[in-house]
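Colleague: I have just opened this one and would like to learn how to read it. Could you take me through a few features?

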Amino acid sequence: MSKIQLFLASLMIVLCPNIIIACDSLELLDGWVKKPLPGTKYTAAYFSIKNNSQETQTINNFNSNQFVKVMIHSSRTNSDGVTRMRPVGRLMLLPNQVLEAKPGGIHLMLRVKQSEQFNTDQLILFSAFCGENSDWQFSLPIKNS
Ligand SMILES: [Cu+2]
């Protein structure tokens, strides 16, 4: 490698710190946001996301300007039929895995802004963060449950 090639290669690494951890191989297959009932504080979003890369991808958190807060939750029903939700730290997608967030399982818990109005089929923009310099944006429509 010549000096100039070496310089260019190191410049690439400095300019692209997200080469290793990136969301850009993620693909949204499907999803929706449950229309919040009037006066409710929370609603949920569901989706199918595919990891199109040969490496494991991790989503550390999500946000949306249209909601106060976006949390990753998991629901589980015990043998007594009681369903409980708990926070999930991050979502991991193995190579080529399709991750399904659906009612009764993983979901995004959305804290509703009391001032915000929602219409059916309105698109909600989300950002998913995979690393310090890597985020991925996708939109989900509002649906009546
Ligand atoms: Cu929840």
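Colleague: Is M85 buried, exposed or partly exposed?

Modeller: Before that, a word on the source: this is a predicted model, where local features need pLDDT of at least 70 and side-chain atom pairs count only at pLDDT 80 or more, while totals for chains, interfaces and linings use all residues. Residues are numbered from 1 along each chain as its sequence is written, and side-chain values use heavy atoms, with hydrogens and water left out. Now, buried means under 20% relative accessible area, exposed over 50%, and partly exposed in between (1.4 Å probe, protein chains only). M85 has a relative accessible area of 47%, so it is partly exposed.

Colleague: Which atoms coordinate the copper ion?

Modeller: Donors are N, O and S atoms within 2.8 Å of the metal (3.2 Å for Na, K and Ca); water is not among the atoms, so sites may look incomplete. Here the copper ion is held by ND1 of H73, SD of M85, NE2 of H107 and SD of M109, at 2.1 to 2.3 Å. H73 is in strand β5 (residues 67-77) and M85 in strand β6 (residues 83-87), so this pair ties together parts 12 residues apart in sequence. Strands are DSSP runs (E, at least two residues), numbered from the N terminus. H73 counts as buried because its relative accessibility is 12%.

Colleague: What geometry does the site of the copper ion have?

Modeller: Four donors count as tetrahedral if all angles lie between 85 and 135 degrees. The angles among the four donor atoms of the copper ion are 95 to 121 degrees, and the site is tetrahedral. Ideal angles for four tetrahedral donors are 109.5 degrees.

Colleague: How many aromatic pairs are there?

Modeller: Rings of Phe, Tyr and Trp (its six-membered ring) pair if their centres lie within 6.5 Å; planes under 30 degrees apart count as stacked, over 60 as edge-to-face and the rest as tilted. The structure has seven such pairs. In one of them, F67 and F118 have ring centres 5.2 Å apart and planes at 10 degrees, so they are stacked. Both F67 and F118 are buried. W136 and F138 make a tilted pair, with 4.8 Å centre to centre and 35 degrees between the planes. Ring pairs also join F47, F62, F126, W136 and F138 into a cluster.

Colleague: Where does S53 lie, and what does it contact?

Modeller: Contact means heavy atoms within 4.5 Å. S53 sits in the loop between β2 (42-51) and β3 (57-59). Leaving aside neighbours within four places in sequence, S53 is in contact with S25, P95 and N96.

Methods
Helices (H or I, at least four residues) and strands (E, at least two) are DSSP runs, numbered from the N terminus. Four donors count as tetrahedral if all angles lie between 85 and 135 degrees; four count as square planar and six as octahedral if opposite donors are over 155 degrees apart and all others between 65 and 115; anything else is irregular.
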